[in-house]
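Biologist: I am new to this structure, and I would like to learn how to read a helix and then an interface. Could we go through them one at a time?

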Amino acid sequence: MTVAVNLPEPTGSTPPHQPPRGADTVVPEPHGPASSLRVLSRGAATIWSNKKARIGVVLLLAFVALAIFAPLIAPYGASENGFGRNEAPSGSHWFGTTAAGEDVFSQIVFGARISVLVGFIAGFLSTLIAVVVGLSWGYIRGPIADVINFVVNLVLVIPGLPLMIVIAAYLQNGGMTMIIFVVVLTGWAYGARVLRSQTQSIRGRDFITAAQFAGDGAARIVFHEILPNMTSLITGSFFGAATSAILAESGLSFLGIGDTTTVSWGSMLFWASNSNALLTGQWVLLFAPGLCIALLATSLTLINFGVDGLSNPRLREGSGR
Amino acid sequence: MWYLLRKLGLLLLTAWAAITLNFLLPRLMPGTPADAAIAKLAQNGPVDPATRAAIEAQLGVPTGDAWSQYVQYLGNVSRLDFGVSYTFFPQSVSTLVMNALPWTLVMVGLVTIIAFVVGTLLGVLAAWKRGTWLDTLPTLGGTFTSAFPYFWTALLVVFFLGYQLKWFPTSGAYGLESTPNLSLAFISDVIGHAWLPALTILITSVGGWILGMRNNMINTLGDDYVTFAEANGLRSRTVAVKYAARNAILPNLTGFGLSLGGVVGGSLLVEQVFNYPGVGYLLYNAVTNQDFPLMQALFLMLTISMLLANFLVDLLYGLLDPRTRR
């Protein structure tokens, strides 16, 4: 069953920056080792030049800083519960306290660690699988490609959140590792599909034919010739995968699946709704964790606006009709 | 015709794979349902083998080798016989699912369609009026709201519109005092209860459609035939709607198919917050109570509905875009 990609296909306007590696290496490489560094800084500049992406980068850095320096920023420990219960925001407890007498602000600060960590680890692992599967799948032809096609389509039609909670229910021993595992298990297929179609379009280019004639092996062609041309797409799927990982983690934690004693933004909302924060009128306790999830996820999406511009100049800002 | 047959064959193959996966999944996982029950008992003291056998028999833990289990399972699935629920004993799993299904299909299904239509229109507008506030507002707003976790939007909506302003009822699909029938009073009660969950889903899902359509539209607007139509002096609305949007909507349709299939399961977080008696809420209950037969049947149904929705969209796609019919 062909499920076409929901993303706009990159128009392939990025000129392949890798010169064909001929067997006769007399021709000197025009760019030395500095090349990849230069590409990186030029890419960063393109992202930064997009106003939306700039906001995203600043937001993301703020959250990362919050996560790293949590013990310095938070006034109390995350699970320190010697305070009054259900207190309204005050000078000593900026966001009030929970029903168990914990400081909400400190929990928010420490909760950033879980979301940032899960986002980056699960996003990275999903992207890694997506790159390996997507690129090989796009490059090879024949029955193996059909088999991969079948598997990826199967994973794509299996509803993500239900699969996650069903697996989580079977595994029973909660914790972050399990959450990351199920998020990666369901999250890689979409990226693989996007990367595959781009690989297929690059596969037909001249520099690939040249590499084939030069006698390069399939693995070398895929990962040394094709991969560098897909940097922006891979970056894009990383941020996309990280966003869905963050949202998935918060959803699972909110449902009380996994370790509910770990302080994360999702589990804060789990405890808040279980202790009837709706009735006690503690709107900060309800508002703050979700807003943080939304802001962190938005920051990644905003960065992706800039990343889109890397490969597709039409999506760059200021080049409108 | 060949196209249709090939698609149909793939559908059957994928359905078989999904059914088999549903069979394998619990068997790949450590422990059996009986283990979970025995673990609870074991906290009070050692469990003798006779008790264990009794629990296994009660829960219907399958016996025999894997192959005969598989054959038996296929037979059961074909008869839509998924056994008896542990939690809602002695109701059968099929009855429970059939009772929950209409609530989800009608409420979530309608909202998904509304969100798709509204989001796509806003996306077309945003791309056409690129750079103006008609673009910036829906794009940035959509980016932000589509990052909202479903359950958080739900909690906020319940808190402000339900508890603080008391505009809408906050829980269930109908009032405790009314009984399901086809009277006008009952229907209006149901609609009253559907407002908040529907609003939640609309707020959270509309952004994705806006962004997707805007991106597709910008790509299409750069195509030569659009420039040509403009150069011909066609009215700009004609160009936008009849030339650009018509082609730009194709990728969004696939997403729509996926989300229609996801209707059945995707609303889990929303239904949980509102105690809405739909399929998602049932699945949540099954998982928290370790009701494995119910869980397995629901999961299979969710997968199959995704498959079918995809299949239908594929067929539609073939009609709309002849290039895919190769």
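Biologist: Which residues of α6(A) are buried?

Modeller: Bearing in mind that this is a predicted model, the buried residues of α6(A) are A:Leu161, A:Pro162, A:Leu163, A:Met164, A:Ile165, A:Val166, A:Ile167, A:Ala168, A:Ala169 and A:Tyr170. In an α-helix there are 3.6 residues a turn, so residues three or four places apart point the same way. Here the helix is mostly covered, with 10 of the 12 residues of α6(A) buried.

Biologist: How much area do chain B and chain A bury between them?

Modeller: The size of an interface is often given as the accessible area lost when the parts come together. For chain B and chain A this comes to about 5500 Å², with 74% of it on carbon and sulfur atoms, and the contact takes 66 residues from chain B and 59 residues from chain A.

Biologist: How many salt bridges and how many residue pairs in polar contact are found across the interface?

Modeller: The rule finds zero salt bridges between chain B and chain A, whereas two residue pairs are in polar contact across their interface, both at pLDDT 80 or more. Among the elements that give two or more residues to the side of chain B that touches chain A are α1 (2–28), α8 (184–221) and α13 (292–320) of chain B, and the largest share of that side, 12 residues, comes from α13(B). Sorted by class, the side of chain B that touches chain A has 43 nonpolar, 17 polar and six charged residues.

Conventions:
Residues numbered from 1 in each chain as written. Chains lettered and ligands numbered in written order. Predicted model: local features only at pLDDT ≥ 70, side-chain atom pairs only at ≥ 80, totals over all residues. Heavy atoms only, no water. Buried < 20%, exposed > 50% of the residue type's maximum accessible area, 1.4 Å probe, protein only. Helix = DSSP H or I, 4+ residues; strand = E, 2+ residues; numbered from the N terminus. Contact = heavy atoms within 4.5 Å. Buried area = accessible area lost by both parts, 1.4 Å probe. Salt bridge = Lys/Arg side-chain N within 4 Å of Asp/Glu carboxyl O. Polar contact = N/O pair within 3.5 Å; in protein donor to acceptor, adjacent residues only side chain to side chain. Nonpolar A, V, L, I, M, F, W, Y, C, P; charged D, E, K, R; others polar.
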